[in-house]
Amino acid sequence: MADDISSFWGPVTSTKEWCELNYVRSSYVAEFFNTISNVPCIILALIGLVNALRQRFEKRFSVLHMSNIILALGSMIYHATLGQMQQQGDETPMVWEMLLYIYIIYSPDWHYKTTMPTFLFLYGVIFAILHLQIRFGIGFMLHYALLCLLCIPRTYKYYIHTEDRSAKLLAKLYVATLLVGAVCWLCDRLFCKHISGWYFNPQGHALWHVLMGFNVYFANTFLMYCRAQQREWSPKIKHFLGFFPYVKIHKLKAQ
């Protein structure tokens, strides 16, 4: 919702705006709640990163957690400024992150170890270059949704071959947070005119950010468990501070 309130960042140039009044609490932050709602994602990704490094998981998982942090920071900058370049700085890492998920999910099935990573890397570079030149709009959302759908078949296969109830719960929490978050995103996007007339704005897009922070944390933890099973590291689901699930592994000395 574009407003005439003066701002530090100048006029809004983003192709998308969300159902939150601009620059209400600060001339430096366009959408306050949409900006700070990325903080849980950063905290959860840091927890996952520390666990991955401490237990010497494969580097791909450290990169995955760091990509979550980068994506959250990009989202914060975008919602704080509502600039076109900042929007692209938010959307391009979203695609890169999904390419990384595709690599992690499908890599155990690849017979040629360098072909698919090379393709995914080039795909990400080409997309970034094109995205600098073109405003994709609805095309970006469809493209991102397609990348997400590509992850479903293999992830479901992991789920049905997982016997541990705690690990299966992670997958269920992943689906639940995704569905609830999608409802929040759609309501904020489609019913903004009605919501704007309410006494209280539920901040659906900010709720989407919070839920997606937990969503990727559950997804990452589940994938780490599945990978540890493949490597025969005897994974178990433990809980940090009695709430945050993480994977505890036991490697043989030779590994």
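Ser75 is found in helix α3, where helices (H or I, at least four residues) and strands (E, at least two) are DSSP runs numbered from the N terminus. The model is a predicted one, in which local features need pLDDT of at least 70 and side-chain atom pairs count only at pLDDT 80 or more, while totals for chains, interfaces and linings use all residues. Residues are numbered from 1 along each chain as its sequence is written, and side-chain values use heavy atoms, with hydrogens and water left out.

With a relative accessibility of 5%, Ser75 counts as buried; the term means under 20% relative accessible area, as against over 50% for exposed and in between for partly exposed (1.4 Å probe, protein chains only). Apart from residues up to four places away in sequence, Ser75 touches Asn38, Asp90 and His209, a contact being heavy atoms within 4.5 Å. The side chains of Ser75 and Asn38 are also joined by a polar contact of 3.2 Å. Such a contact is a pair of N or O atoms within 3.5 Å; within protein, one must be able to donate a hydrogen and the other to accept it, and residues adjacent in sequence count only if both atoms are side-chain atoms.

A second residue, Gln55, lies in the loop between α2 (39-54) and α3 (59-81). Gln55 is likewise buried, its relative accessible area being 9%. Its side chain makes a polar contact with the side chain of Asn51 at 2.6 Å and reaches the backbone oxygen of Val247 at 2.4 Å. When neighbours within four places in sequence are left aside, the residues in contact with Gln55 are Tyr246, Val247, Lys248, Ile249 and Lys251.

The view may now widen to the whole chain. The protein has 10 helices and 2 strands, and along the sequence these follow the pattern α-α-α-α-α-α-α-α-α-α-β-β. Its radius of gyration is 19 Å, close to the 18 Å that the globule rule gives for 255 residues, so the protein is as compact as a globular protein of that length. This radius is taken over C-alpha atoms, and the rule is 2.2 Å times the number of residues to the power 0.38. Along the principal axes, the C-alpha atoms fill a box of roughly 65 × 40 × 30 Å.

Of the 255 residues, 45% count as buried. Among contacts between residues at least 6 apart in sequence, 64% join residues at least 24 apart.
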